[in-house]
Amino acid sequence: MQLETNGVCKYFGGLKAVDGVDFRLSSGQLKSIIGPNGAGKTTFFNLLSGFYLPTKGTIHFEGKDISRKSMDQVSQRGITKTFQITQIFPRLTVFENVRIAAQSRKTAFNFWRRAGSFHDVNEKALEVLDLVMLLDSRERIASTLSHGEKRYLEIGMALAAEPKILLLDEPTAGMSPAETVEATHLIRDIADRLKLTIVLVEHDMSVVMEISDDILVLNEGKVLAEGNPKTISDNEEVQRVYLGGGKK
Amino acid sequence: MEKLTDIKREKGKVGFVDKSVWITLLILLVLPFLISKPLATEILIYGLFALAFNLLLGHTGVLSFGHAAYFGVGAYAGGMALRYFHVSVWTSLVVAMVVTALVAAGIGALAIKKKGVYFAMISLAFAQMFYFMALSPFRKWTGGEDGLKFIPILKLEFPFPVDLTSALPLYYFTFFVVGLAIIALWRILDSPFGRVLKAIRENEVRTRATGYNVNRAKFLSLVISGSFSGLAGALFTIYLGYGSLMTLFWMTSGSILMMTLLGGMHTFIGPVVGVGVFMYLQNTISVYTDRWQLFVGALFVALVLFFPDGLVGTIKMKYRERKSRA
Amino acid sequence: MFDLSWEIVAMQMIFGLALGCVYVLMAGGLSIIFGLLDVVNFAHGTFYMLGAYAIFVAVSLCGNFWLGLVSAVVIVALIGGVIEWLLLKPLYKRDPLYPLLLTFGVSICIPDIIKICFGLIGKVVPYPSGLMGAFMWGPVMIPKYRLFIIVLTLVVLITLWLFLNKSNLGMIIRASTRDSMMTQVLGINVSRIWTVGFMIGIGLAALAGAVAAPMVASIPDMGVEMTIECFVVVVIGGLGSLGGAIIGGLLIGQVISFVALFAPSWSNVAIFMVMAIILIIRPRGLFGEEGRL
């Protein structure tokens, strides 16, 4: 088990956003988390990435307890993420955005060498940009990219940090149908080529059904169902609670 | 579509420092022949102070409203080392930097993790504390309102004798130290650490999610910023010949903020330009009126409202716009 | 030091309480502005200074302290409203740094304008005739004016609490914080609400300055030190918390009062040391909200 949670909870005062979730993830899987709005999906993601500290329960990564690790520590251990609202470095160039992500695995507190002289970091950044099809835009200022391009950039940044597990929070949100198809293929492609474990939060059921190995359904902070796409789409309770509509 | 290998090779070429640094140093080299020597020396010193301040503000995104603390502590530390311990001028500079770094570390330990506005307020409060300490309870050592006087005659022995009470040698001594500091700051800003600072300024959450310890980076940024500010303070004491209480005054913190913003806080050399323009204006306007603060305050308000990028920043933007249109 | 009588200690406490009330009014105003607009008003002390000058002008014109007090608060609050409307509002959509910098710029300009109009010499406002002198409560001598300040602050705080929690406008103000989505949903003109909220905060600062005027000689530069002391209060008490502003203000009042008695050369430094100690043992302030650190 590469990543697992046991009874993990996050309470905000009286609000039980996540209420006892057991989650199992094997290396190389592509698992999707779905559920109605307010089910706790993003909160759960934030727990996994160290953005929130769990109120109760534990999170283990490769056997070690990471429940109380901070976001940067979790990232260094190999779990990187993209956010529901794209978080990039707006006034830096596309290249620098990815380069600094790649740099995070090499050095942070070097004061004397020029950052551009780390050739391996530069190369990694360029390769990742090539992978997410932003190589030609590398000198553009990140804020000038289109919405879809920014989401790709963020995925690129998450990849450049050499993750073992990639968490993607609604990666296709705000994308046109054509962009969504392209993004879906890209994600599956990345998973296969780089042999990454990926966890996806998604609303778009067509995406989920097409690329997931496994699906977890959350409702009101608890696990409603878990299984492969066929099992989940046949599950009556899932159909009742979450009518699995595609894009509105 | 360019070949990936060609791009890789092109990205790898880096020099020692950027051209703009050399140009600035060149201008500073000849400055005393263009304007009065004391004014030029003050521009050097405050220019260094502004660059150090901007490391924290413009490049890390952290506003300190009490940077006079570091400038002043450096001024007094250097002055006291000269007056009470009779060290050499070079040593006084080192002492100032070390003491100020420790003070910055102390303040950082208490306040750097806090939200921006809190840090701004706390930094102001601590600067004010030092001001009052120098004014009253520690008057015996600091000279109180009159400042730290009776500093021994300033001269350099090493590497060759230089009389620092004479205007031109004093300028070039200051230029030498400030020049080295400018190069050092430029290298720090272009290092991996410097890039992390810029990332923090752009998006702190994303920087953390990428795996960087943001608090430690901010802390170090504060310490470096404080230390170089202290160096500027020590140079100021040498320039004046005594340790001035005004170095700790809140208006010093305010002035350096205004000068930095005037020049452009998102550029490297902007603050130095801001200092030059500001001090020149101050020199000119103070001849006509005591109400310099009204002028500078109104100018600052106008800057914030209409030209937040400052002089150099606005020029850079216009240049970039013209280039992309071509 | 130990041959102090209890009467003197009690009197110092009352002085400290009155001083603390001034800080409470100031910090309360600062907290309201911050809570509503997410702006730390670096010119807060400047409006305190304006309050003191305003009551000086008003009393010079009409001779009545009470009329002067009310008009001072109203006039300065209006000035605050104009400044917010013209200068601050355009900056809300930018980086939060800019509104802060603007208030700083304002704090630099205005004292000089006052210097031009009134000169540098301190202005004195006489105590109102009904409140001069002191009365004896047992063995303790209580200055009437100091008591007035304490009572006034209590009345203002209660009125404020009632207003914010029980009145329609008050509740709208509380709901219209700048980072809440309610503002778009509710469809009210939040822009105007923000101006009103700012004016309330400024009004409190002006009130503090106006009531303090008879006790000190008003000089144009008195604002900056007050702003800084105000910051110390909110750092200690926790920004955004009215309860914190009250406790912090009262604490600071006592600290200044007693240190002035026992170690006068440290009287200016003491409050910063208290702030440093509290930062060490309780970083988020006495009443600060976790996460809003």
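The sulfur of Cys109(C) lies 13 Å from the closest cysteine sulfur, that of Cys117(C), which is too far for a bond. A disulfide here is a pair of cysteine sulfur atoms within 2.5 Å. By this rule the count is zero disulfides over all chains.

This is a predicted model, in which local features need pLDDT of at least 70, side-chain atom pairs count only at pLDDT 80 or more, and totals for chains, interfaces and linings use all residues. Residues are numbered from 1 along each chain as its sequence is written, chains are lettered from A and ligands numbered from 1 in the order in which they are written, and side-chain values use heavy atoms, with hydrogens and water left out.

**The two cysteines**

- Relative accessible area sorts residues into buried (under 20%), exposed (over 50%) and partly exposed (in between), using a 1.4 Å probe and protein chains only.
- Cys109(C) is buried, at 11% relative accessible area.
- Cys117(C) counts as exposed, at 56%.

**Where chain A meets chain B**

- The contact (heavy atoms within 4.5 Å) takes 46 residues from chain A and 38 residues from chain B.
- Buried area is the accessible area, with a 1.4 Å probe, that two parts lose on being put together, summed over both.
- Between chain A and chain B that area is about 3,900 Å². Carbon and sulfur atoms give 61% of it.
- Which residues of chain A lose the most area to chain B? They are Phe109(A), Phe111(A) and Arg114(A), together 20% of what that side buries.
- The rule finds 23 residue pairs in polar contact across this interface, both residues at pLDDT 80 or more.
- A polar contact is a pair of N or O atoms within 3.5 Å; within protein, one must be able to donate a hydrogen and the other to accept it, and residues adjacent in sequence count only if both atoms are side-chain atoms.
- Several elements of chain A give two or more residues to the side that touches chain B, among them helix 3 (94–103), helix 4 (119–131) and helix 5 (147–160).
- Helices (H or I, at least four residues) and strands (E, at least two) are DSSP runs, numbered from the N terminus.
- The side of chain A that touches chain B divides into 19 nonpolar, 12 polar and 15 charged residues.
- Ala, Val, Leu, Ile, Met, Phe, Trp, Tyr, Cys and Pro count as nonpolar, Asp, Glu, Lys and Arg as charged, and the others, Gly among them, as polar.

**Salt bridges between chain A and chain B**

- A salt bridge is a side-chain nitrogen of Lys or Arg within 4 Å of a carboxyl oxygen of Asp or Glu.
- The rule finds four salt bridges across this interface.
- Glu202(B) pairs with Arg91(A) in a salt bridge, with the closest N and O atoms 3.0 Å apart.
- A network of salt bridges links Glu96(A), Arg99(A), Arg114(A), Asp190(B) and Arg195(B).

**Where chain B meets chain C**

- Here 41 residues of chain B are in contact with 45 residues of chain C.
- The area buried is about 4,000 Å², and carbon and sulfur atoms give 80% of it.
- In chain B, Tyr118(B), Met121(B) and Arg291(B) lose the most area to chain C, together 16% of what that side buries.
- How many salt bridges cross this interface? The rule finds one.
- Arg291(B) and Asp112(C) meet in a salt bridge, at 3.5 Å from N to O.
- Six residue pairs are in polar contact between chain B and chain C, both residues at pLDDT 80 or more.
- Helix 6 (116–135), helix 12 (250–263) and helix 14 (292–306) of chain B each supply at least two residues to the side that touches chain C.
- That side of chain B has 32 nonpolar, five polar and four charged residues.

**Salt bridges within a chain**

- Over all chains the count comes to 23 salt bridges.
- Glu4(A) and Arg24(A) form a salt bridge, 3.8 Å from N to O.
- Glu4(A) lies in strand 1 (residues 3–12) and Arg24(A) in strand 2 (residues 15–25) of chain A, so the pair ties together parts 20 residues apart in sequence.
- Glu4(A) is partly exposed at 22%, and Arg24(A) is partly exposed at 32%.
- Lys31(A) and Asp214(A) form a salt bridge, 3.1 Å from N to O. Lys31(A) is in strand 3 (residues 30–34) and Asp214(A) in strand 9 (residues 214–219), 183 residues apart.
- Both Lys31(A) and Asp214(A) are buried.
- Glu204(B) and Arg208(B) form a salt bridge, 3.0 Å from N to O. They are four residues apart in helix 10 (residues 204–209) of chain B, so about one helical turn separates them.
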